[in-house]
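Hi everyone, thanks for making time this morning.

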Amino acid sequence: MAKLKRTLSLFEVTVCGIGIILGAGIYTLIGIATNTAGNAVWMSFLFSAIIAMLTGLSYAELSSMFPRDGAEYEYTKHFFGRKLAFVVGLMIFISGIVSSATVALGFGGYLKALIGTPVIVIALMLILLCAWVNYHGIDESVKLNILFTGIEALGLLIILALGFKNIGSVNYFEMPNGFIGVLRASALIFFAYMGFEALVTLTEETKNAPRTIAKAIIFSVIITSIIYVLVAITAVSTLDWKVLGSSSAPMADVAAASMGNLAFLILGIIALFSTANTVLIQCITSSRLMYGMACDKALPAVLKKVSCSRKTPVIAIGAVAVLTALFVLPKNIELVANITTLFLFLTFATINTTVVILRYKEPQVKRPFKIPLNIGKFQVLAFCGALSSLFLLYFSLTNIISIVG
């Protein structure tokens, strides 16, 4: 049977992480989050960043211990057993699928704002295109990711440059819904940090995977966290939070507030590259997770079929495309994003707990990357990651109930 091709370097994997993270919430969900948190939306990003880093450290340690594409499924199997591991793997798979659907809707929203196209049709077309690129090969997909990541980073740098003169012009602690509103926005905006956990599914295509994946996770979370907080501060400094909170193309509207319609057009186009990039990488990582679970017999064997010519998991790629398309149909970005984060927080609580338990159960296993700050064998940061994940899970549930109620 054909196998996956091991070609990715630290730079390429880190850029993959930055690309998938940057393209999601900052371009599509910052408006909705600002409507809840007001000018204090930067605090929502900062709080989410802390949780992302805590959980990212847990993923880094586990990926260095068990360098296989099964990811969360592989990790939790070592302590919780195959049944619960299957549930965890399924949760992260669903969150990846729903994430792709959410960002595809964001892509459709930006294109509608630019030329008036129907959101659903465009979102479905993007999913099909990303599936084709995914099938074509991992090298081609990563090269496209690097290009798109550069473009989307440029868009955020433009926002920072245009809005720098406005920093200090508003009260950054204005919270229309109090600190609870900031926490509810954090539960939603955590969606913007999705991507670091998906890097572990590239293990079997990465050189020196145990160390490379761990470093890439940490680097991508730190870099994107700094960018997110700065952009959030700049956005509310440039555009009134009430206006920003009602926008379907928030980053483009922020640019337009500084330089008019030309800036709106430029940022709208950049947002298309950014959101398309996230859908592409989520499709790649979701298909690799499905492939890894199939290789371990947790999913049907047909899903581990690898194309002899392209060296990519062709059946898994097709299945991911179909399932992603189904989640596009509800059309409500806020609802779909909150469903995604709900699954994420459940998964992250489990992953962090796994790190704590494995320090006792399997202390002899080699850990090329090991999380610092321990009390004896007790891992403090992983425990904090588990608690904080459960804390935000409550606010995800609150958001969902509010939307459907």
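So, this is a predicted model, and the chain averages a pLDDT of 86, with 94% of the residues scoring at least 70. Confidence is lowest in helix H5, residues 72-80, where the mean is 68. At the other end, strand S2, residues 378-379, has the highest value, 96.

Now to the charged pairs. How many salt bridges does a search of the whole structure find? The count is two. Let's take Glu 61 and Arg 359, whose side chains meet in a salt bridge at 2.8 Å, N to O. That pair links distant parts of the chain: Glu 61 sits in helix H4, residues 41-65, and Arg 359 in helix H15, residues 333-361, so to speak 298 residues apart. Both Glu 61 and Arg 359 are buried.

Glu 61 also forms a salt bridge with Arg 367, at 3.1 Å, N to O. Here the partners are 306 residues apart, with Arg 367 in the loop between H15 and strand S1. Glu 61 has a relative accessible area of 1%, while Arg 367 comes in at 13% and counts as buried too. Put together, Glu 61, Arg 359 and Arg 367 are linked in a network of salt bridges.

Last, the cysteines. How many disulfides are there? The count comes to zero. Take Cys 308: its sulfur is 14 Å from the closest cysteine sulfur, in Cys 295, and that is too far for a bond. Cys 308 is exposed, at 61% relative accessible area, whereas Cys 384 is partly exposed at 34%.

Technical notes
Residues numbered from 1 in each chain as written. Predicted model: local features only at pLDDT ≥ 70, side-chain atom pairs only at ≥ 80, totals over all residues. Heavy atoms only, no water. pLDDT = per-residue confidence, 0-100. Helix = DSSP H or I, 4+ residues; strand = E, 2+ residues; numbered from the N terminus. Disulfide = S-S within 2.5 Å. Buried < 20%, exposed > 50% of the residue type's maximum accessible area, 1.4 Å probe, protein only. Salt bridge = Lys/Arg side-chain N within 4 Å of Asp/Glu carboxyl O.
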